Amino acid sequence: KNLLDACGAAVAFYLVGYALSFGGKSGDTDTTFIGTRSFARIDDPSFWFFQYAFSATSVTIVAGTLAERCQMAAYLCYSVFLAGFVYPVVAHSIWSGNGFLSIDNVDPFLKSGVIDFA
């Protein structure tokens, strides 16, 4: 099941997740809900792997609640959806320069962004 998490998350994050997270326009100041370019393409492999590790971790954290409670096909769909869409939307919102919760677009109380919103 852990290998399934890792493989499913890698494929989903490579094909769509990375683009949804960090595929925005770097010079543009408009805020966006998700990224719109760089699908199935990696510009910086080390940054991609770093972000993939967080995406896969988000899948495995919730996996403990589903242990032996659903079919494997349903679990794979859940894993791909979480790594390919849910995590990238949150990552884009907070860590992308174009995200609406980005430190560049709001003025948080303690200047720490994610901690202030948690």
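Guide: Contact here means heavy atoms within 4.5 Å. With neighbours within four places in sequence left aside, Ser21 is in contact with Phe13, Pro88, Ala91, His92 and Ser96. This is a predicted model, in which local features need pLDDT of at least 70 and side-chain atom pairs count only at pLDDT 80 or more, while totals for chains, interfaces and linings use all residues. Residues are numbered from 1 along each chain as its sequence is written, and side-chain values use heavy atoms, with hydrogens and water left out.

Ser21 belongs to helix α1; helices are DSSP runs of H or I with at least four residues, strands are E runs of at least two, and both are numbered from the N terminus. Ser21 counts as buried because its relative accessibility is 0% (buried is under 20% relative accessible area, exposed over 50%, partly exposed in between, with a 1.4 Å probe and protein chains only).

Helix α1 spans residues 2-22 and packs against α3 at an angle of about 35°, the axes lying 8 Å apart (axes are lines fitted to C-alpha atoms, for helices over the stretch in contact, and angles run from 0 to 180 degrees between N-to-C directions). The crossing of α1 past α3 is right-handed, that is, the near helix is turned clockwise from the far one by less than a right angle. In the contact of α1 with α3 there are 17 nonpolar residues, six polar and one charged (Ala, Val, Leu, Ile, Met, Phe, Trp, Tyr, Cys and Pro are nonpolar; Asp, Glu, Lys and Arg are charged; the others, Gly among them, are polar).

Helix α3, residues 72-95, also packs with α2, residues 45-63, at about 135° and with axes 9 Å apart. That angle makes α2 oblique to α3, since under 35 degrees is roughly parallel, over 145 roughly antiparallel, 65 to 115 roughly perpendicular and the rest oblique. The crossing of α2 past α3 is right-handed. Residues in this contact include Phe54 and Val59 of α2 and Tyr78 and Leu82 of α3. By class, the contact of α2 with α3 has nine nonpolar and four polar residues, and none that is charged.

As for the whole chain, the pattern along the sequence is α-α-α-α, with four helices and zero strands. Of its 118 residues, 35% count as buried. Among contacts with a separation of 6 or more, 60% join residues 24 or more positions apart.
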